[in-house]
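Please read the following note with the model open beside it.

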Amino acid sequence: MRDTPLPDGRTLQRLRRADDVLDLQAAGRRGGTAAVLRRLAARTRAAVLLLHPTGADACPPPTPVGVAERALARSAVGEARTRAAGSAAVGRSTLTCLVVTLPGRPGTRPPVLAVVAPRPAPPDLPVLLADAATVLSLTWDAEQGRRQAHRARLADTGAREAVLHLLMDGQVAVARRLARTLHGELPDTVRMYAVEGPAAARREAADRSATGTAWVGREPGAAGRTLVLEPAVDSRPLAAWLHHPAVADTCHVGISDPLPLRDTATAHRQALHALTAARRHPERRAAHARPGDLAPVLGPAGAAWATATLAPLHAHRAARPQDPDGPALLATAAAWLHHPADAAVRLGIHRNTLAARLTHLHRLLGLDPHRLADRATLALALGIRSDGSSTPVPDNGIDALLGQPQVADWARGRLRPLRAADAPPALAHTLARWLSHDTRIGPTAQELALSPSAVRKRLGRIESLLDCALLRPPTAVHELWLAHRALELLR
């Protein structure tokens with residue numbers, strides 16, 4: 001039997017190099033650039049850095065790097081850049097630094113791999129660095145591609161979200177122009193979905209809805225809620241992505257009625273009210289309940305009334321650059337009415353600035369934003385979304401508008417579940433007293449000789465009967481006040 005000859009020194013070096021390359025490639029497949037750097041640091045027992053040509057870290061170092069080692073690495077990178085060389089070696093005191101520029105595409109500035117080791121440096125270190133640079137160039141390019149794709153997706157998502165928010169603010173013309181720049185077209189009739197649930201499930205809903213003609217965005221000020229605006233092509237309220245298990249099993253979804261594009265704000269409000277009902281339904285989703293909103297019931301008379309009510313805001317011009325103009329005050333009113341607790345956050349302003357704007361609104365409109373009757377009046381005017389183009393009528397007050405027969409019919413339908421024969425009479429009385437006290441729990445409890453918790457329980461039962469929110473914004477308080485006031489005018 002012939003003995004197997006022992007490999008010579010050169011063969012051993014080639015085998016060791018092959019093992020190193022395989023280890024680096026395996027690390028790159030497992031953990032990308034950071035894993036390759038960790039493997040190289042363990043192999044060399046030296047300080048390893050991946051630096052931009054400017055000397056800044058391109059990737060966090062795998063092990064702590066001392067001040068002297070970092071200074072030497074930056075000096076070596078500067079030396080290679082000055083000489084326009086792909087590699088360089090710089091020695092200082094007891095340290096040696098070797099740098100190798102990663103291979104890159106023409107016109108790019110790839111990072112530089114630097115290793116700082118005690119002198120004298122191991123003889124195989126230059127070859128090891130060259131092999132590591134080749135592997136790192138692949139992982140770096142792959143990660144850069146993913147980062148660029150992520151930034152592009154964020155930019156597209158942000159632009160589409162801006163379109164959605166413009167529609168919710170009533171700026172339809174601006175939203176259409178922005179949508180066209182994104183190679184999209186806004187439909188004439190839309191349906192809004194409010195999706196509440198885990199982030200992964202909401203991303204699934206956004207991804208599946210965005211494959212068509214949907215416009216997706218985050219709910220301002222609500223981290224756990226996503227809004228989806230889709231064309232309402234037929235009477236079916238369900239989109240296909242609602243049936244995906246990730247959405248159907250973990251998310252609550254509120255669905256609006258089909259509405260014209262100009263009424264996106266109304267669709268948003270309907271979807272949020274339906275979401276309140278969906279939280280109590282075993283199917284985890286609910287459509288907007290009839291009889292619907294008051295604004296369509298009012299017709300042209302309501303548009304003319306809203307024009308007269310909001311005329312001071314449409315005509316308002318800021319006296320100074322830092323003062324709010326009419327559109328800013330309209331946005332402030334909408335945020336305050338529907339989300340009073342975090343209106344300042346949603347508007348991106350300080351709470352003192354919010355208070356000053358509310359005072360400005362009070363002075364212009366004669367409506368106190370802290371009084372429920374005035375808030376409901378302002379909410380109705382904003383809900384009609386008059387742009388000032390309708391012919392204004394003499395403002396005889398909200399009572400003249402609510403005294404119409406069709407409004408009384410709407411009010412009876414809105415409160416019918418609460419006035420049914422099997423509904424406890426105490427609930428209707430509690431709601432009436434709560435509204436009369438500007439939705440304050442304490443005075444309501446005192447008048448009814450109940451504890452505050454008992455009042456909250458009754459309001460919770462009223463929420464279930466009317467399929468709307470009363471204690472958690474956005475609420476239907478303004479709508480219910482209008483319904484109560486319309487029925488009071490009949491007496």
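1. Val253 belongs to strand 9 (residues 252-255); helices (H or I, at least four residues) and strands (E, at least two) are DSSP runs, numbered from the N terminus. Because its relative accessibility is 2%, Val253 counts as buried. Here buried means under 20% relative accessible area, exposed over 50%, and partly exposed in between (1.4 Å probe, protein chains only). The residues touched by Val253, not counting those up to four places away in sequence, include Tyr193, Val195, Leu242, Leu275 and Arg285; contact means heavy atoms within 4.5 Å. Val253 and Leu272 are 19 residues apart in sequence, and their C-alpha atoms are 8.8 Å apart in space.

2. A word on the basis of this note: the model is predicted, local features need pLDDT of at least 70, side-chain atom pairs count only at pLDDT 80 or more, and totals for chains, interfaces and linings use all residues. Residues are numbered from 1 along each chain as its sequence is written, and side-chain values use heavy atoms, with hydrogens and water left out.

3. Thr189 lies in strand 6 (residues 189-196). With a relative accessible area of 34%, Thr189 is partly exposed. Leaving out residues up to four places away in sequence, Thr189 touches Glu230, Pro231, Ala232, Pro258, Leu259 and Pro260. Thr189 and Ile255 are 66 residues apart along the chain, and 14 Å separates their C-alpha atoms.

4. Which residues touch the most other members of the largest nonpolar core? They are Leu380, Leu431 and Leu470, in a core of 57 residues. Helix 12 (residues 372-384) gives the most to this core, with nine residues. A nonpolar core is a set of buried Ala, Val, Leu, Ile, Met, Phe, Trp, Tyr and Cys residues joined through side-chain atoms within 4.5 Å. A second, separate core has 26 residues, among them Leu40, Cys59, Val115 and Trp140. In soluble globular proteins, nonpolar side chains tend to be buried together.

5. Apart from residues up to four places away in sequence, Leu470 touches Leu431, Trp434, Leu459, Ile462, Glu463, Thr475, Val477 and Leu480.

6. Neighbours within four places in sequence aside, Arg375 is in contact with Trp336, Leu337, Asp368, Pro369, His370, Asp438, Thr439 and His478. One of these, Asp438, is 63 residues from Arg375 along the chain, with 9.9 Å between the C-alpha atoms.

7. The axes of helix 15 (residues 425-436) and helix 17 (residues 452-466) come within 10 Å and cross at roughly 105 degrees. Axes are lines fitted to C-alpha atoms, for helices over the stretch in contact, and angles run from 0 to 180 degrees between N-to-C directions. Helix 15 and helix 17 are therefore roughly perpendicular; angles under 35 degrees count as roughly parallel, over 145 as roughly antiparallel, 65 to 115 as roughly perpendicular and the rest as oblique. In helix 15, Ala426, Leu427, Thr430, Leu431 and Trp434 meet Arg458, Leu459, Arg461, Ile462, Leu465 and Leu466 of helix 17. The contact comprises eight nonpolar, one polar and two charged residues. In this classification, Ala, Val, Leu, Ile, Met, Phe, Trp, Tyr, Cys and Pro are nonpolar, Asp, Glu, Lys and Arg are charged, and the others, Gly among them, are polar.

8. For helix 1 (residues 9-44) and helix 3 (residues 125-168), the axes come within 9 Å and cross at roughly 30 degrees. These two helices are therefore roughly parallel to each other. Their contact has twelve nonpolar, six polar and five charged residues. Within helix 3 lies Ala130, which is partly exposed, with a relative accessible area of 37%.

9. A cis peptide bond, with omega about 0 degrees, joins Arg119 and Pro120; Pro120 is in the loop between strand 5 (112-118) and helix 3. Ala84, in the loop between helix 2 (67-82) and strand 3 (87-92), has a positive phi near 55 degrees although it is not glycine. Ala84 is exposed, at 70% relative accessible area. Ala449, in the loop between helix 16 (441-448) and helix 17, also has a positive phi near 55 degrees, and it counts as exposed at 68% relative accessibility.
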